[in-house]
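Here is my note on the model, for reading with the structure open.

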Amino acid sequence: MLSVENLVVSVGRGPDIVRGVSFGIEPGEILGLVGESGSGKSMTSLALMGLLPPKLGISAGQVVLDGADITHLAPHQRVRRKCGKVAMIFQEPMTSLNPVLRIGEQIEEAVRVHDPDADAPARARELLDMVRIPDAAHQLSAYPHQLSGGMRQRVMIAIALACRPQVLIADEPTTALDVTVQRQVLGLIRELCDSLHMGVLFITHDLGVVAQLADRVAVMYAGKLVETSDVGPLFRAPLHPYTAGLMACLPDPESDDPALATIPGAAPRPGDIPDGCPFAPRCDRAAAPCRSGPVPLAHGAPGQSARCHFPLNERASA
């Protein structure tokens, strides 16, 4: 459904923010994209949407959706050409929803843009029913501030679904929600993915969410993917030391030590990325080959790969 090949996002003639990222998403599949803040996750998603900030642009690579090259198309060009559709929901719905417009007006606007012949009010109510908002007819007349955080995020999902997307990008959509509501929203995304046969790119720093929701995982560091895997193999035996470091930072409910583990140091800034493996300065397994020259691709089990000279698991050499 979605194919991203060697995507590079740069600051004019400055450094690369996203450096040669490649992945694919099948219909009905959820790909979790994880990594520390600043690793390039959100910039990757904005590049796919055609929403990069000023002075940033795609300098290399290709984005293909359902056979159509959308690499350099702005959102309005995609609507006009009726090519493949990608929709996005963001972390904080109150920064996306217009506070002075009723919920129904905002959903209807999205419907009219993408489906001018539709009965916009009826379609808006249908979308609210689809995202499991009770008493949808009444909620259409509400303002964003009159809804809870979970309800507002469901409204954002409804707006995203108005264009009948083939791929839905969710950029940390549950971070601002409490655990109970978070679980409900995750369940809704999984349900919609299955029922609409829609691909989902789910961006998060929460590995617990990935374990619960995703089918596959891509781990990003310093603008590159360092490991890709099916969910099961990644959690049972991560290959890349960075992936293992992220997992070691998870709280251990059986430990008496209140302190959380950390990865020493900090991720490099764009323009200051070292030669070789960018994680080498923070890695306790790094050796001379890690700090210079190209980083080879080590293969693991089917659906799993890691960019590492010294992968943690023996399956990498199988």
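1. Glutamate 29 and arginine 216 form a salt bridge, with their closest N and O atoms 2.7 Å apart. (A salt bridge here is a side-chain nitrogen of Lys or Arg within 4 Å of a carboxyl oxygen of Asp or Glu.) Glutamate 29 sits in the loop between strand S2 (16–25) and strand S3 (30–34), and arginine 216 in strand S9, so the pair ties together parts 187 residues apart in sequence. Helices (H or I, at least four residues) and strands (E, at least two) are DSSP runs, numbered from the N terminus. Glutamate 29 is buried because its relative accessible area is 12%. Buried means under 20% relative accessible area, exposed over 50%, and partly exposed in between, with a 1.4 Å probe and protein chains only.

2. Keep the source in mind. This is a predicted model, in which local features need pLDDT of at least 70, side-chain atom pairs count only at pLDDT 80 or more, and totals for chains, interfaces and linings use all residues. Residues are numbered from 1 along each chain as its sequence is written, and side-chain values use heavy atoms, with hydrogens and water left out.

3. How many salt bridges does the structure hold? There are 8. One of them joins glutamate 36 to arginine 282, with 3.0 Å between the closest N and O atoms. That pair links distant parts of the chain: glutamate 36 is in the loop between S3 and helix H1 (41–49), arginine 282 in the loop between H10 and S11, 246 residues apart. Glutamate 36 counts as partly exposed because its relative accessibility is 24%. Arginine 282 is buried, at 9% relative accessible area.

4. Arginine 164 and aspartate 115 also meet through their side chains in a salt bridge, 3.6 Å from N to O. Arginine 164 lies in the loop between H6 and strand S7 (167–171), and aspartate 115 in the loop between H3 and helix H4 (120–130); they are 49 residues apart. Is arginine 164 buried or exposed? Arginine 164 is exposed, with a relative accessible area of 51%. Aspartate 115 is partly exposed, at 22% relative accessibility. Elsewhere, salt bridges that share partners join Arg190, Asp194 and Asp215 into one network.

5. Now the rings. The whole structure has 3 aromatic pairs. (Rings of Phe, Tyr and Trp, the last by its six-membered ring, pair if their centres lie within 6.5 Å; planes under 30 degrees apart count as stacked, over 60 as edge-to-face and the rest as tilted.) Tyrosine 221 and phenylalanine 279 make an edge-to-face pair, 5.4 Å centre to centre with 85° between the planes. Tyrosine 221 is in strand S9 (residues 216–221) and phenylalanine 279 in the loop between helix H10 (241–248) and strand S11 (298–299), 58 residues apart.

6. Tyrosine 242 is in helix H10, 37 residues from phenylalanine 279. Tyrosine 242 counts as buried because its relative accessibility is 0%. Phenylalanine 279 is buried at 3%. Ring pairs link Tyr221, Tyr242 and Phe279 into a cluster.

7. Next, the open space. The largest pocket has a volume of about 650 Å³. Lining it are 23 residues, and those closest to its centre are Met49, Met88, Ala110, His114 and Ile159. (On a 1 Å grid over the protein atoms alone, a pocket is an open set of points with protein on both sides within 12 Å along at least five of seven lines; a cavity is a set where a 1.4 Å probe fits but cannot get out; lining residues have an atom within 4 Å of a point.) H3 gives the largest share of the pocket lining, 5 residues.

8. The largest cavity holds about 70 Å³. Of its 14 lining residues, Pro241, Cys277, Cys283, Cys290 and Cys308 are closest to the centre. The second largest cavity has about 50 Å³. Its lining includes Asp16, Arg269 and Ile273. A volume is the space filled by probe spheres set on the grid points, which are joined across faces, edges and corners.
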